[in-house]
Amino acid sequence: MTERTQPDSAAPGSSDPEKVHTFDLIDEVPGSSRSGADPDATEPDGADTDGADTDGADTDDAAGPDAEPAPRAPGRAAVALAGARSAVGRTVRRGGAAVRRRVPATRRGRVLLAGGTAVVVVVAVVAGVLVNGALRERALLATPSGTRSLAERPTEQWSVDLENPISAVLVRMPGVLAVVGDAKVQGLDPATGAVRWTVDVADAVDCGPLGALGVGGPLGALPVEKLVCVTVSEDGDQGVTVVEPDGGSTTRELEAGATVQPAPDGGLIYLELAGGEHEQEPVVVDKVGTPHLPKGFVAPDLTVRVEDAATGAERWSADVAAGPADANLCVSYNSGPEDPDTPTPVLDLVGAVYGDLSNGVLEVEGCGVSAAFLLDGTRLDNPKDTTDAPAGGATGSFTALPDGGWAGPDPAAAGAETPNQVVHLPDGETLRLDGQVLVPWATDGRDPGLLLERVGVHTEGRSTEGRDAGEQLWSVSVLRATELLARVAGTGVVVDELGQVRGIDLGTGAERWTLDPEALGLGDGTWDVSSLVFGAFTDGDTLLLPVSGDPAGGDSGLRLVAIDLRDGSVRWEIEQDTPYTQLVSVDGYLAQITQQGVVGLG
C-alpha cells in the first residue's frame with residue numbers, strides 16, 4: 001500500500017468512499033534509494049573547508065572583559081578524530097578530482113562513456129527485476145496454495161499405485177509429498193513421484209496434523225514439519241511414530257486409553273479429564289427422548305497438554321475449568337444387544353472430549369468445557385468466563401490469518417444476533433470489526449496491508465498497516481461477499497450471495513469482472529461454498545478450483561476449473577470421473593489421489 005487517492009465515481013462497483021486503497025503492483029528494485037544530495041556536487045578547486053577562519057581574525061582578542069570564560073581546549077582524542085575526518089574529506093575530494101580528469105575530453109568519448117553507463121544501469125535494473133521476481137515466486141510457492149504455471153491444462157506426469165487409494169492421505173512436508181496409506185508412510189519426490197523412503201506404521205493410524213478432508217476453506221493444507229502418527233494395536237496399546245522429512249523415524253509407547261492427537265512441528269496433544277477414570281453411565285430420558293444429566297451433576301475440568309511426540313517433553317499445558325454442561329455434549333449413543341436399532345444414550349465424558357485443529361487454532365470441547373489456543377499455547381477465549389465462545393459447541397469461532405495474527409469473537413458483542421469479530425495483528429494491534437473477517441483461501445504470499453470483512457449486507461476493506469490500522473478504506477454496498485476465494489496481486493475473488501463470483505480491486509472494492517456461478521456449479525449454493533469447492537490454488541495469474549462434478553450429489557466426479565485472474569474467463573477445465581479426493585501442492589507441484597493411487601499433475 002503506497003497511497004490513497006480519491007475514488008473514480010465512474011468505476012464499476014464504486015461506493016464513493018472517502019478514501020480508497022491502492023497498491024504498487026510493480027515492486028521497487030531491491031537496493032535502490034534516493035537522496036536529496038547531488039552526487040556530482042564537489043567542493044570548489046583549492047577550497048579547504050577544514051582550514052582556519054578565512055578572514056584571519058583572532059576571536060579571542062575580540063572578547064570583552066565581562067565575557068564568559070573560554071571553553072576548555074579539545075583533548076588529544078578529539079584533535080585526532082578531527083584530523084582523521086579532515087584526511088578522509090581530502091581523500092574523497094582528491095578521488096573525485098581524479099575521476100574528473102579521466103572523463104573523455106572529446107564528444108565521442110563522452111558519448112561512449114554515457115552509453116556504457118546506460119548499459120550498466122539497464123543491466124542493474126533487469127537484475128533487480130529478476131531478483132524481485134524470484135523472491136515473489138519463492139513467497140508464492142511457500143504458501144499452501146502456491147503452484148507453478150497454470151497457463152496450460154496440466155497432464156499426468158507420474159503415478160504411484162496404492163492398494164487402498166481412497167483411504168490414503170496426502171501430507172505436505174518440506175520438499176516431500178508424504179502419502180499415508182497401506183500401513184506405511186511413503187515420501188515421494190513431488191516433481192517425479194520417485195519414492196525416496198518408506199516408514200512402516202500400524203494399520204490403525206492417525207497421522208497429521210491434517211486439515212478437514214473433503215471440505216474447502218482458508219489456508220489449505222498447511223505444511224507439516226514432522227509427521228506424527230498415533231497407532232493403536234488390536235490389544236489397545238497406543239504408540240506414536242514421528243517421521244522426519246528425510247525418512248528418519250522415532251517410535252515410543254503411550255499411556256493406554258489416553259486421548260491424544262497429532263500436533264504441528266512434531267507435537268502431540270493430550271486431553272485429560274480431572275478425577276481419574278470416567279466410566280459410561282446411564283442417563284434419564286424423558287418422554288420425547290431428550291437426555292437429562294443426573295441431579296447435582298458437575299462436569300470435570302480438562303487439562304490440555306502438548307508434548308514433543310518423540311521425547312515426551314512437555315511444551316505447554318493449560319487447565320480448562322468446566323462450566324454449566326449441556327447434556328447433548330455429554331452423552332453418546334450405544335446400540336444394545338436387545339434392540340440394536342434403538343441406540344441408548346449414556347453419559348460418556350471421555351468420548352465427549354475432542355480437539356479440532358484447523359486454521360492454525362486448536363479448539364477443544366467436551367462436557368461443560370471448551371477453549372481455544374494458538375499452537376504456541378496462547379489462550380484465545382476468556383478462561384475466567386466458562387460461558388463465552390466457543391463454549392456451547394461453537395467450534396470454528398477462531399481462525400489464524402495467513403499474514404499472521406488471528407481473529408475471534410468480540411466478547412462485547414456476544415449477545416448480538418450476529419456477533420462481530422476482533423482481529424489481533426502480529427504487531428499486537430487489536431482491531432474491532434463491525435462484522436466478520438473474510439479469510440482468503442489462496443494467497444500469493446504477499447501482504448496487501450488490508451483485510452476484508454462482511455458487515456451486514458455489504459463488504460468493507462480495512463487497513464492493517466501501522467498508524468492506519470483499522471481505518472476503513474472502502475465500502476461497497478452492492479457486494480455481499482460470503483467467501484474470499486483468493487487474494488492475489490491486488491485482486492480479490494469473492495463469492496457473492498446474490499449469485500456471482502466477482503473479481504474486485506482490493507484497493508477500491510471496485511468490480512473488475514464477474515463469473516456466472518454455474519461455471520463452478522454453485523447455483524444457489526453461494527452460502528455453502530465449502531461443500532462444493534474443495535480448495536484453491538494459484539500461480540499468481542490463474543486461480544485453480546477443484547469443484548464438485550455434480551452439486552446435487554447424484555453422480556460422483558470432480559472438475560478442475562482454472563480462472564484467469566485478469567478478466568475472470570475460464571482458461572481451461574478438466575472433468576474427472578473420480579469422486580472428490582485430495583489435491584495438494586508441494587513446492588508448487590500438484591499431486592492428487594485417484595481411484596488407482598496418487599498422480600502428479602503438471
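Is Asp564 buried or exposed? Asp564 is buried, because its relative accessible area is 4%; buried means under 20% relative accessible area, exposed over 50%, and partly exposed in between (1.4 Å probe, protein chains only).

The model is predicted, so local features need pLDDT of at least 70 and side-chain atom pairs count only at pLDDT 80 or more, while totals for chains, interfaces and linings use all residues. Residues are numbered from 1 along each chain as its sequence is written, and side-chain values use heavy atoms, with hydrogens and water left out.

The structure contains 20 salt bridges, each being a side-chain nitrogen of Lys or Arg within 4 Å of a carboxyl oxygen of Asp or Glu. Three of these pairs are listed below.

| Salt bridge | N to O distance |
|---|---|
| Asp496 and Arg502 | 2.8 Å |
| Glu573 and Arg559 | 2.7 Å |
| Arg571 and Asp564 | 3.1 Å |

Glu573 and Arg559 join in a salt bridge. This pair links distant parts of the chain, 14 residues apart: Glu573 lies in strand E38 (residues 570-576) and Arg559 in strand E37 (residues 558-564). Strands are DSSP runs (E, at least two residues), numbered from the N terminus. Glu573 is partly exposed at 28% relative accessible area, whereas Arg559 is buried at 11%. Arg571, the partner of Asp564, is partly exposed at 27%. Asp496 is buried at 0%, and Arg502 is buried at 14%.

A network of salt bridges links Arg252, Glu272, Arg305 and Glu307. Elsewhere, Glu253 belongs to strand E9 (residues 249-254) and counts as exposed because its relative accessibility is 72%.

Key:
Helix = DSSP H or I, 4+ residues; strand = E, 2+ residues; numbered from the N terminus.
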